[in-house]
Amino acid sequence: MTDKSRILLSPVSSLALFALGAYRIFTNNLEAMSILVAYIFLIGGLISFVFSIAKLSEIHRS
């Protein structure tokens, strides 16, 4: 797997983590997941998404 494909896969997985955390927080349907884990997924997914998009735009410029 090349570096570019890893960087392309990173925002997708980060967005999935963010969506899973947001789904648990806003709907309260996933009782098996604790609220603390949902907030960790939400914050971690958002931070990872922002930095992976920044890295992707940096590679795209070069």
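Q: What makes Arg-24 a buried residue without a salt bridge?
A: Arg-24 counts as buried yet has no salt bridge, and the nearest side chain of opposite charge, that of Glu-31, is 6.6 Å away. Buried means under 20% relative accessible area, exposed over 50%, and partly exposed in between (1.4 Å probe, protein chains only). A salt bridge requires a side-chain nitrogen of Lys or Arg within 4 Å of a carboxyl oxygen of Asp or Glu. As to charge, Lys and Arg count as positive and Asp and Glu as negative, while His and the chain ends are not counted. The model is predicted: local features need pLDDT of at least 70, side-chain atom pairs count only at pLDDT 80 or more, and totals for chains, interfaces and linings use all residues. Residues are numbered from 1 along each chain as its sequence is written, and side-chain values use heavy atoms, with hydrogens and water left out.

Q: How do you know that the side chains of Arg-24 and Asn-28 form a polar contact?
A: Their side chains are joined at 2.5 Å. A polar contact is a pair of N or O atoms within 3.5 Å; within protein, one must be able to donate a hydrogen and the other to accept it, and residues adjacent in sequence count only if both atoms are side-chain atoms.

Q: Where do Arg-24 and Asn-28 lie?
A: Arg-24 belongs to helix H1, residues 3-27, whereas Asn-28 is in the loop between H1 and helix H2 (35-61). Helices (H or I, at least four residues) and strands (E, at least two) are DSSP runs, numbered from the N terminus. Asn-28 also has a positive phi of about 60 degrees, although it is not a glycine.

Q: Why is Asn-28 called partly exposed?
A: Its relative accessible area is 43%, so Asn-28 is partly exposed. Ile-35, in helix H2, is likewise partly exposed because its value is 40%.

Q: Which residues does Arg-24 contact beyond its neighbours within four places in sequence?
A: Contact means heavy atoms within 4.5 Å. With those neighbours left aside, Arg-24 is in contact with Leu-30, Met-33, Ser-34, Ile-35 and Ala-38. The C-alpha atoms of Ile-35 and Arg-24, eleven residues apart along the chain, are separated by 7.5 Å.

Q: Why are Ser-14 and Ser-52 called buried?
A: The relative accessible area of Ser-14 is 3%, and therefore Ser-14 is buried. Ser-52 has a value of 8% and so is buried. Not counting residues up to four places away in sequence, Ser-14 of helix H1 touches Gly-45, Ser-48 and Phe-49.

Q: How many helices and strands does the protein have, and what makes it more spread out than a compact globule?
A: The protein has two helices and zero strands. Its radius of gyration is 14 Å, well over the 11 Å that the globule rule gives for 62 residues, so the protein is more spread out than a compact globule. The radius is taken over C-alpha atoms, and the rule is 2.2 Å times the number of residues to the power 0.38. Along its principal axes the C-alpha trace spans about 45 × 20 × 15 Å.

Q: What share of the residues counts as buried?
A: Of the 62 residues, 19% count as buried.
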